[in-house]
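Subject: The structure we talked about

Hi there,

Here is the structure I promised to pass on. Have a look at it first, and then read on for what turned up.

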Amino acid sequence: MVADGLFDGALGVLLLTLATAVLHARQLYTSVVLLIAFGLLLALTWARLGAPDLALAEAAIGAGLTGALLLSALARCGEAPPGPSRAPPLRVLPATLLALLVGIVLLRALWPLAEGPVLLPALALGQLPAAGVDHPVTAVLLNYRAWDTLLELVVLMLALLGVRQLHSAKQVIPPPWPLLLAWTRMLAPLALLVGGYVLWRGAFAPGGAFQAGALLAAGAVILRLNHLLPPVRWDNGLVRLLVVLGLGVFLAVGVVGLVGPGLGFGPVGTAWLAYPPALAGPLILTIEAAATLSIATTLTLLVVGEPEELRA
Amino acid sequence: MTLFYLCIGGGLFVLGLHSLLLRPHWLRAIMAINIMGSGVFMVMVALARRGDTTDPVLHALVVTGLVIAVSATAFALRLASGLLERTKKPEGGA
Amino acid sequence: MSDWLHALSWPLLLGGAFFFVAGTVGLLRFPDVYARLHAVTKADTLGLGLVVLGLCLRADAWQPVLMMLLIWVLVMASGATACQLLARYAREDEQEAGADQPPGTRERRPPV
């Protein structure tokens, strides 16, 4: 009991200290590296709070891919000149007061929530046998709240479209060092294997499409950064197909569920994105597989996509 | 334990807000917003931990939120660095 | 038997923790980037190995043991690779900045 409290206390203090260090470091490079460390510490916190799917997702997406994005943005634009980037000292006191006020309001709002009534877990777990998968979080993501996951794939695609609209300088990727090449050659099949395993495992244990997609994207990014993968270009037909595959399969399942009974399809659901209990498992696995490929391709394009073809 | 992590999540949010008000550089602003987002996620995951069973709905919402946060970060970074490049080259970009 | 193994895992876990602390002290106190990399990589890898061994003694099936040993091998390999890459980057940085000074004595940037 005491050891638990000590561990939680140490973790909390570390999180707040690391966040302060990220936000107030003098050099931008220091801030970015500390943010990657903060992401890993956050993954540990999710594991502590009993959320292993979140820990996997945070380590892959929050620490890995966000770190890669920030480092490449920093490399493209360079360190900020010192001095003018600090706010005028007159602003410090009002800002601190405002932050404290917001903190007090938040604390007063959050305090009574700690003992609130908890009704959802019973409902969610009660319907689990009919959901088609054994893991509650996957059931929520792909069955109870499938509409949210579909819209999330749309948001990913919108971010990709937005990024592609903007002309940006070409990424200069220097020739790789021999050790890095060898290490990447060892890591790439491992990323593929672990990604596939995490995807398959999502049906009955922590895992799922997002974590697997992020792992595959990380593998693709490290391959691209070592020139082991050709430039990932949007005008490549395969790339486009992979990006829309997840959304397409999801929409197809939803539409078939809607119009199926009218067209005489026997064992399909009765409404938009309603799966029949008998087919729910295979349908979810299909959607997850397509979504994994889609998420992996989109994330890779967001991090190392080449806007080359936009320059005529 | 829920209460403790609720407070830590609130603390992260306030830290991010404070930095957002004081440091105007675009990369620091994006990192501050990321930390505020992490604070919100921590509040949600702490709330999922009430009672004996963990709440899968909140965990699923946070997974969704994480992916959306990374796509928003990518878009914001590209917007800001694209703006920086345009203002550096007054004769116009390509 | 399992009580005895459980008791045996304690010195291993504590030894692992000690090596992690030693590596961190080295990270904070050593004068230049190469010595710091050396301290952190070696001490952390050894610390992780001891922690993994201690946890293996506490496991109740062979699958977690195998997985933990594989994780240790992977972390060791990636730690060594990262160490070499960082050291090479620091060396090339120094060579660009001041080619005539001995390594490790150039004025350092603030530590990362």
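Let me start with a pair of helices in chain A: H9(A) passes H11(A) in a right-handed crossing. Please keep in mind throughout that this is a predicted model.

H9 covers residues 209–225 of chain A, and H11 covers residues 280–304 of chain A. Their axes lie 7 Å apart, and the packing angle is about 40°. With that angle, H9(A) counts as oblique to H11(A).

Now for chain A as a whole. Its secondary structure consists of eleven helices and zero strands. The C-alpha atoms of chain A fill a box of roughly 70 × 60 × 35 Å along the principal axes. Chain A has 312 residues, of which 38% count as buried. Looking at contacts in chain A between residues at least 6 apart in sequence, you will find that 70% join residues at least 24 apart.

How many residues of domain 1 of chain A are in contact with domain 2 of chain A? Twelve, and they meet 16 residues of domain 2 of chain A. On the domain 1 side of that contact in chain A, there are eight nonpolar, two polar and two charged residues.

Next, the partners of chain A. The contact with chain B takes 72 residues from chain A and 65 residues from chain B. On the chain A side, the elements giving two or more residues are H1 (2–24), H2, H3 (52–77), H4 (92–110), H5 (120–126), H6 (136–144) and H7 (146–165). H3(A) provides the largest share of that side, with 13 residues. By class, the side of chain A that touches chain B divides into 48 nonpolar, 15 polar and nine charged residues.

With chain C, nine residues of chain A are in contact with six residues of chain C. Which helices of chain A each supply at least two residues of the side that touches chain C? They are H2 (28–48) and H8 (178–201). That side of chain A has six nonpolar residues, two polar residues and one charged residue.

Chain C contains three helices and zero strands, and 14% of its 112 residues count as buried. Among contacts in chain C between residues at least 6 apart in sequence, 59% join residues at least 24 apart.

Happy browsing, and do write back with any questions!

Best wishes

How values were computed:
Residues numbered from 1 in each chain as written. Chains lettered and ligands numbered in written order. Predicted model: local features only at pLDDT ≥ 70, side-chain atom pairs only at ≥ 80, totals over all residues. Axes fitted to C-alpha atoms, helices over the stretch in contact; angles between N-to-C directions. Helix = DSSP H or I, 4+ residues; strand = E, 2+ residues; numbered from the N terminus. Parallel < 35°, antiparallel > 145°, perpendicular 65-115°, else oblique. Left-handed = near helix turned anticlockwise from the far one by under 90°. Contact = placed C-beta atoms within 7 Å. Nonpolar A, V, L, I, M, F, W, Y, C, P; charged D, E, K, R; others polar. Buried ≥ 20, exposed ≤ 12 C-beta atoms within 10 Å, placed from the backbone.
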